[in-house]
Amino acid sequence: MGQGHVGFIALTVGGALMLGGCGFADSRSPVPEFMRLKAAEPPPLEAPPDVKRLVGEKLDSVFTAASHPTEVRVSQPLHDPRGPGWTACVRAEITSVNGKPLGTQTYRIFISEGVIMDRRHIDTEDTCLSENYEPI
């Protein structure tokens, strides 16, 4: 190859690299506003659920019927940090299948679009331990 071909190839590669960089930058890039992609907006937050009503109507979604939950209490709903839904804490006195009292059990429930989607037994570091509860 002659010197002219090497220069032409270098110019072509350099031009392609420059053109390849002409796309839009993300919202944090130091480029003019019109060249930035819009940051994805978080989904809108749902209205706070009526936790007392939800748990009262769907007690079986938190406790099994065989546990005969009594003295059921709930905390105020908090925004779920994982999305647009809510969480709350639920406590009750329950019994084992053979009727032996198991004492107070506490669960964190996850609510989305007005439905209890999941529940988890709390661990020792859960904020449910310091929540205020109201009877349903």
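**Aromatic pairs**

I started with the aromatic rings in this predicted model, and the count came to one aromatic pair. Phe63 and Tyr107 make up that pair, with 5.4 Å from centre to centre. I read 80° between the planes, and the cut-off for edge-to-face is over 60, so Phe63 and Tyr107 go down as edge-to-face.

Phe63 belongs to the loop between helix H2 (51-57) and strand S1 (70-74). Tyr107 is part of strand S4 (residues 101-112). The two are 44 residues apart, and I noted the pair as a link between distant parts of the chain. Are Phe63 and Tyr107 buried or exposed? I have both Phe63 and Tyr107 down as buried.

Thr64 has a relative accessible area of 47%, so I put it down as partly exposed. I then took a C-alpha distance from Thr64 to Val97 and got 9.8 Å. Along the chain, Thr64 and Val97 are 33 residues apart.

**Arg82 and its two partners**

Which ring does Arg82 lie over? I found Arg82 over the face of Phe110, at 4.2 Å from the ring centre. The side chain of Arg82 also meets Asp80 in a salt bridge, 3.2 Å from N to O. I compared the accessibility of these two bridge partners. Arg82 comes out at 54% relative accessibility, and since exposed means over 50%, it counts as exposed. Asp80, with a relative accessible area of 10%, is buried.

**Other salt bridges**

How many salt bridges does the structure hold? I have five on the list, and besides the Arg82 and Asp80 bridge I wrote up two of them here.

One of these joins the side chains of Arg108 and Asp126, with 2.6 Å from N to O. Arg108 sits in strand S4, and Asp126 in the loop between strand S5 (115-121) and strand S6 (134-135), so this bridge ties together parts that are 18 residues apart in sequence. I checked both for accessibility: Arg108 is buried at a relative accessible area of 12%, and Asp126 is buried at 17%.

The other is between Asp118 and Arg120, whose side chains meet at 3.3 Å, N to O. Here I got a relative accessible area of 30% for Asp118, which makes it partly exposed. Arg120 counts as partly exposed too, at 42% relative accessibility.

**The disulfide**

Last, I went through the cysteines. The structure holds one disulfide, and Cys89 and Cys128 form it, with their sulfur atoms 1.9 Å apart. Why do I call it left-handed? The torsion about the S-S bond of Cys89 and Cys128 is about -80°, so the disulfide is left-handed.

I then placed both ends. Cys89 is in strand S3 (residues 86-95) and Cys128 in the loop between S5 and S6, so the bond ties together parts that are 39 residues apart in sequence. My accessibility check gave 1% for Cys89, which counts as buried, and 0% for Cys128, which is buried as well.

Definitions and conventions: Residues numbered from 1 in each chain as written. Predicted model: local features only at pLDDT ≥ 70, side-chain atom pairs only at ≥ 80, totals over all residues. Heavy atoms only, no water. Phe/Tyr/Trp six-rings, centres within 6.5 Å; stacked < 30°, edge-to-face > 60°. Helix = DSSP H or I, 4+ residues; strand = E, 2+ residues; numbered from the N terminus. Buried < 20%, exposed > 50% of the residue type's maximum accessible area, 1.4 Å probe, protein only. Lys NZ or Arg CZ within 6 Å of the ring centre and 35° of its normal. Salt bridge = Lys/Arg side-chain N within 4 Å of Asp/Glu carboxyl O. Disulfide = S-S within 2.5 Å.
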